[in-house]
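Student: I would like to learn how to read the interfaces in a model of several chains. Can we go through them one at a time?

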Amino acid sequence: MNWHLLIAQLLNGLALGSILALVALGLTITFGLLGLVNFAHGVFFMVGAYAGLVTFERTNSFALALLAGALVVLALGIVVERVLIRLFYRRPPEDQILVTFGLAIVIVEIVRAIFGGKTQLFPMPPWGMGATNLGFLVYPNYRLQVIVIAAITLTAIYLVLYKTRLGLIVRAGIDDSLIVNILGIDVTKTLLAVFVIGAMVAGFSGVIDAPIVAVDPDMGASVLVESFVVVVIGGLGSFTGSIAGGIIAGEIISITTIWAPDYAQVMLYLAMALVLILRPQGLFGTEGRL
Amino acid sequence: MAAMLEARSITKRFGGLTAVNELSLEVRQGTVNALIGPNGAGKSTLFKMLSGELRPTSGHIHFKDAPITGLNATEICRRGISKSYQTTQIFPNLTVSENIVIPALAKLRGPFRFDPFRRLRGVRGLADVLAGVLRAMNLEERAQTRAADLAYGEKRRLEIGLALATQPDLLLLDEPTAGMSPEESKGTVQLVKELRKSVTIIVVEHDMDVVFELADRITVMHEGRKIAEGPPEEIRAHPAVQEAYLGGAL
Amino acid sequence: MILRAVGDRSTWRAELAVALFLIAFPWIFPAIGGYANLATRILILGLFGIGMDLIFGYTGMLSFGQAAFYGTGGFVTAYLLSTGLLHNTLWALAAGTIVAALCGTLIGYLCLRQAGVYFAMLTLAFGEVFYFLENSPLAKWTGGENGLPGLPKPEIPLGFTTLHVHSNLALYYFVAVCFFAGYWIARRIVRSPMGAVLRAILENPARAAAVGHNVPKYKLAIFTIAAAYAGMAGGLLGIFQGYMPPDAFSIDQSGEIIIMTIIGGAGTLIGPLVGAGLWSYLREALQNLHGVGAFWKIILGLTFIVLVTLFRRGIAGGISDGIGLFRLRRAPAPRTDEGTA
Amino acid sequence: MDTRNGTKESALSRNLFLKGTAAAAATATVGFPAIVRAAKSAKSYPALGTFPAGVSGDTAMIGIISDLTGSYSADGEDLVKGYKLAIKHLNGGGGLVSKVPTLSGKGVLGKRLVYKIGDSETKANPAVQAATEFIERDKAIMICGDTSSAVVIALAKLAQREKVVFLSGASGSNDTTGKDCQRYGFRSQPSAYMDAKALAPVLKKELGTKRRAVYLVPDYTYGTTLYDSMKEFTEKIGWTTVNHYLAPVGTTDYSSYLLNIANSGADVFVNIEFGNDAVASTKQAAQFGIFKTMQMIVPNISSYMPDGVGAEIMAGVYGTQDWYWGLAGNKAYPEAAANSKIFLDAFLKEYHGIYPRWTAHIAYDQTLTWADAVERAGTFYPPEVIKTLESGHKIDLCLGPVAYRAGDHQQIRPVPVLKGKKPSAMANKDDYFEIVGMVPGAEAVPPLGLFGCHLPGYT
């Protein structure tokens with residue numbers, strides 16, 4: 001047993017997990033607060049990455065790229081919500097899934113028509129280059145920074161949703177739209193805000209992940225499936241659950257790779273099946289919250 | 001005569017809130033029992049425990065001398081308790097007849113049966129149940145109408161019809177006249193009077209006229225506890241009841 | 001007879017219409033630029049879609065993992081035939097169907113622990129598991145990324161003679177017979193007492209349970225049946241192409257069958273066939289249209305969105321509402337809070 | 001090494017070949033093909049596949065299957081460009097068509113070529129579906145294309161069943177002309193074995209004999225056959241294989257594999273990943289500082305890999321490609337220089353300065369090779385065309401004289417071995433490689449039968 005490798009993989013699992021947690025969080029916000037499962041969530045991730053790529057190529061600033069990723073997806077989120085999604089809040093979940101699924105296909109193909117199917121290089125920001133020698137291994141700086149960025153973002157979202165007036169309104173608006181209406185708050189705007197926050201988080205994560213994985217129109221699909229696994233493990237609609245689920249998923253992939261790389265994905269799904277059998281609502285989910 | 005349904009000091013807590021507190025209840029066969037109390041008294045929660053939608057935090061429920069505590073709704077229905085809901089829970093896109101066929105099938109075929117090649121007419125007794133319930137609920141004219149297209153009062157009758165089509169021994173009626181016009185209410189009271197000939201009934205009802213007209217026995221709840229129980233005349237005169245619930249209005 | 005009121009009529013109109021259509025299809029299809037092989041492909045997808053319709057259109061379960069069963073049935077059939085373990089095409093097809101159904105029971109058992117949104121996500125995830133399993137650990141049997149080539153043309157021993165299905169048209173009619181059998185069985189299912197309970201589950205699962213039906217068991221049963229349909233369709237695909245492609249397992253395949261079912265019309269049984277026809281036909285027509293080429297998916301995607309948003313019953317649903325031919329029930333109203341509270 | 005197949009030519013065709021190259025300028029004066037054609041067309045052939053239905057009019061249809069969407073669509077686009085250009089030249093003259101004596105620039109056997117393009121989405125099923133349509137509805141006389149070995153193998157099987165000639169696009173797996181070889185399928189790209197065998201001597205010379213290699217392998221037959229071949233040939237030059245890691249196709253984050261690789265103690269990193277996967281894994285390997293301690297080798301470099309990972313990373317990387325535009329006018333490789341230049345110039349002109357990649361080369365050269373075979377056979381009747389392609393007759397195109405081997409339909413052709421240029425040494429933004437060698441085809445091909453090829457029948 002190579003202890004260095006195990007520690008290295010544990011660290012790597014954390015880095016993998018923090019991105020997964022971030023993507024899954026967007027998914028869980030829209031579900032937890034809107035009761036809407038967004039199958040186009042992976043597409044927001046992808047569009048964010050492209051927006052970031054274009055901006056980075058023009059300005060050479062990663063901060064602007066992050067901003068662009070978030071803002072473009074914000075704009076996309078607003079359009080999508082106003083034109084389509086708002087018609088679906090009161091329709092059964094199956095319809096919501098179908099419409100977001102259709103939307104995902106259309107957006108992926110539009111992006112492919114604009115940018116081509118080629119995998120594009122997203123340059124590493126200068127501050128992310130190089131690697132740190134941790135004594136027992138050399139680990140890329142950027143992946144360490146991703147852990148930090150993800151932690152900061154998660155904290156920020158937590159504060160916005162749970163410690164601000166906006167968050168209070170949002171959560172109240174979901175629980176009882178009538179009362180919030182009586183209080184004179186426009187619920188449709190609240191719904192929009194939640195949807196857009198969820199989308200923005202995805203777009204933002206897309207930019208963060210892009211220097212690691214390169215950008216192509218299909219990059220959102222695998223992320224979506226993995227974030228589903230994360231929320232199933234963590235509990236759909238649970239803030240803590242998506243973070244814990246993300247890290248667990250990251251660690252499973254990393255650690256399995258030491259011994260049986262070709263089983264890493266299968267192990268991940270096996271873990272999901274196990275959670276389902278032992279604790280169907282997910283590790284941090286509350287019973288009956290479906 | 002032994003009680004058909006017996007609840008022994010059942011309690012239901014939601015987090016810090018105690019919705020039903022150490023409540024005991026006995027229901028005899030062939031009677032109509034009313035459950036009254038102000039909003040939040042715990043009537044609906046009690047009903048949900050009896051119908052298997054909620055599991056009591058503590059206490060026991062016996063039905064026909066067998067424990068049914070903690071069984072799910074499907075299982076409880078199999079044992080002979082069926083509930084009609086306060087908010088209408090019908091199958092909106094099925095016709096009235098089709099609606100009634102659904103619970104009847106559960107009774108006639110059991111909780112699960114793999115019979116993909118059988119025809120409906122091959123289910124023995126189905127036509128009789130359907131005809132009987134349509135007649136009892138006065139919905140014969142509307143048999144072919146889509147349930148969603150029914151008038152409100154008709155939907156309420158179908159709601160009761162669904163519960164009835166399982167051919168229960170004990171029928172739980174959760175506010176059967178809720179939202180009805182006085183005319184419709186009257187019709188429903190008539191209907192329940194007919195039903196009591198064949199089935200034991202517990203009814204939760206706000207309309208006191210209805211309660212006192214129908215009930216053999218009334219249980220009064222307040223803040224999760226039973227504060228009084230007895231025949232209508234006794235309850236009408238009970239000071240604690242007047243205080244807590246009727247507010248002296250009667 | 002009072003049960004007439006609940007749709008218990010033995011009408012053969014729909015079956016007859018479908019049978020006539022199946023016979024005539026390869027002869028009328030070329031008139032609009034189609035051809036026999038495309039017709040066969042459409043029928044295979046249509047059969048796959050009947051399973052999808054049984055679980056989604058009739059029971060309300062939106063599965064994103066049907067490709068797992070399509071692939072399983074296909075690869076079991078293909079393995080048995082290409083290795084020569086079995087020579088009788090029908091036995092191989094039956095074996096594929098049964099294995100797919102067994103997988104359906106297993107996956108269904110796990111996924112049906114949750115409903116609605118969770119169910120869709122879980123089926124998607126388990127679909128991925130099958131994809132990964134096919135690609136790596138089971139590659140020895142499935143050929144991994146290469147798939148399984150070399151399936152012989154169908155041979156069907158009838159006792160007194162052996163039918164050799166060789167020409168494209170013969171293959172079409174072989175698949176058409178399978179499709180018709182599948183359609184006929186599905187019609188029986190939805191009109192059976194069990195079918196009535198399934199529709200009740202679609203409309204209001206909580207109430208269906210409260211009146212005494214074991215909803216999870218019914219869901220599992222129909223999920224298994226749908227998996228069998230998918231498995232049989234997958235087996236036919238391999239037989240028809242002489243090659244079993246690994247992408248039968250892909251997420252896209254699961255997505256496509258959903259799109260076809262919705263576009264054609266869920267809850268009609270014949271809708272998936274209509275959807276598959278439209279999808280396959282437009283795909284080829286648009287692809288060769290100058291300037292449209294790569295955009296065919298955008299166009300079909302937009303069509304899908306419009307249908308989901310406005311015409312939830314799809315094409316066949318719309319038509320059958322008009323003529324009442326395939327009608328079993330009317331348009332589902334959007335489920336309101338009243339129904340699910 | 002079985003070289004008999006490479007040289008087994010009839011005296012007549014050898015004669016023709018010599019004339020064709022020596023008297024290239026006097027193409028029109030070579031009257032021989034016309035005689036052959038006249039003699040053969042007098043013979044009548046039975047209907048088979050899409051013959052004669054597909055060529056009964058004044059056009060002949062080619063069905064092109066490629067990746068318009070999907071993860072290899074960049075390679076697929078390049079491939080399509082090559083086919084389009086070849087068809088344009090065959091119909092209207094230009095490019096290398098003027099260098100092949102049998103080709104008139106007025107179609108093939110007097111028939112104007114038309115084509116349709118089907119989208120494979122980089123998946124076998126849509127590809128087979130599109131090909132089926134071309135064959136059944138459009139009566140395509142030849143089908144060709146795609147960039148994934150898995151898809152190519154599926155198409156070749158279909159072609160065999162339907163009796164229509166199929167020319168594979170990009171396909172590196174040993175299986176394509178090994179256990180899955182088809183009478184109706186032809187492959188011009190070097191197989192994994194050829195790549196490895198061509199690469200090994202260069203690696204020995206440049207990197208020495210005491211190297212320790214670790215592999216990243218896509219988990220399907222392209223990857224595993226290339227791994228097997230690389231392992232075999234590098235161990236022959238004294239290298240040690242430390243370990244290999246199988247990753248599923250389409251993996252996006254390779255970090256866990258790369259940690260294993262970084263920890264392996266190897267000093268050479270052989271990256272067998274292809275397409276998008278090659279780009280992603282290489283970029284990430286750079287982030288893990290792997291190239292600080294390890295030399296990278298990419299046995300088969302995807303068309304757009306350098307664009308994806310950047311020249312910095314590609315600098316110093318060894319690998320092979322089917323063809324590289326740097327051969328054009330390259331004095332070190334005279335047999336390929338002139339014709340590659342003609343192709344490059346024609347391509348640049350047609351596509352307004354976009355450089356061709358090796359996928360376009362495959363498409364272009366093989367379409368001309370097929371047209372030449374049809375002309376020489378004097379008929380589109382598939383068995384005759386196939387026998388002509390199997391005759392060992394060499395055609396002189398971008399890589400110099402090449403021919404298909406009769407026994408497995410692998411083209412015997414030189415394998416260009418490349419080394420990534422430093423960014424500072426690049427003449428333009430597409431100038432990623434220097435060519436360090438061209439290994440003759442005869443030296444690189446596997447012995448016939450090594451990979452279990454048994455060609456099925458002609459009819």
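Student: How many residues of domain 1 of chain B are in contact with domain 2 of chain B?

Tutor: Keep in mind that this is a predicted model. In chain B, 14 residues of domain 1 are in contact with 14 residues of domain 2.

Student: How should I read the size of an interface, and what area is buried between domain 1 and domain 2 of chain B?

Tutor: Interface size is often given as the accessible area that is lost when the parts come together. Between domain 1 and domain 2 of chain B the buried area is about 1,100 Å², and carbon and sulfur atoms give 70% of it.

Student: How many salt bridges are counted between domain 1 and domain 2 of chain B?

Tutor: The count of salt bridges between these domains of chain B is zero. Polar contacts are a separate count: four residue pairs are found across the interface of domain 1 and domain 2 of chain B, with both residues at pLDDT 80 or more.

Student: Now chain B as a whole. How many helices and strands does chain B have?

Tutor: Chain B has nine helices and ten strands. The C-alpha trace of chain B spans about 60 × 40 × 35 Å along its principal axes.

Student: How many residues of chain B and chain C are in contact, and what area do they bury?

Tutor: On the chain B side 48 residues are in contact with 43 residues of chain C. The two chains bury about 4,000 Å² between them, 60% of it on carbon and sulfur atoms.

Student: Which residues form a salt bridge between chain B and chain C?

Tutor: Two salt bridges are counted between chain B and chain C. In one of them, Arg199(C) pairs with Glu98(B), with the closest N and O atoms 3.6 Å apart. There are also 13 residue pairs in polar contact between chain B and chain C, both residues at pLDDT 80 or more.

Student: Which elements give residues to the side of chain B that touches chain C?

Tutor: Those giving two or more residues are α2, β6 (81–84), α3 (96–109), α4 (126–136) and α5 (152–164) of chain B. Of these, α3(B) gives the most, with eight residues. The chain B side that touches chain C divides into 26 nonpolar, ten polar and twelve charged residues.

Student: How many residues make up the contact of chain D with chain A?

Tutor: Here 28 residues of chain D are in contact with 36 residues of chain A. Chain D and chain A bury about 2,500 Å² between them, 55% of it on carbon and sulfur atoms. In chain D, the residues that lose the most area to chain A are Leu259(D), Lys283(D) and Gln287(D), together 22% of what that side buries.

Student: What polar features are counted between chain D and chain A?

Tutor: One salt bridge is counted between chain D and chain A. The side chains of Asp253(D) and Arg143(A) meet in a salt bridge at 3.3 Å, N to O. Ten residue pairs are in polar contact between chain D and chain A, both residues at pLDDT 80 or more. On the side of chain D that touches chain A, α10(D) gives the most, with six residues. That side of chain D has eleven nonpolar, 13 polar and four charged residues.

How values were computed: Residues are numbered from 1 along each chain as its sequence is written. Chains are lettered from A and ligands numbered from 1 in the order in which they are written. Side-chain values use heavy atoms; hydrogens and water are left out. Contact means heavy atoms within 4.5 Å. Buried area is the accessible area (1.4 Å probe) that two parts lose on being put together, summed over both. A salt bridge is a side-chain nitrogen of Lys or Arg within 4 Å of a carboxyl oxygen of Asp or Glu. A polar contact is a pair of N or O atoms within 3.5 Å; within protein, one must be able to donate a hydrogen and the other to accept it, and residues adjacent in sequence count only if both atoms are side-chain atoms. Helices (H or I, at least four residues) and strands (E, at least two) are DSSP runs, numbered from the N terminus. Ala, Val, Leu, Ile, Met, Phe, Trp, Tyr, Cys and Pro count as nonpolar, Asp, Glu, Lys and Arg as charged, and the others, Gly among them, as polar.
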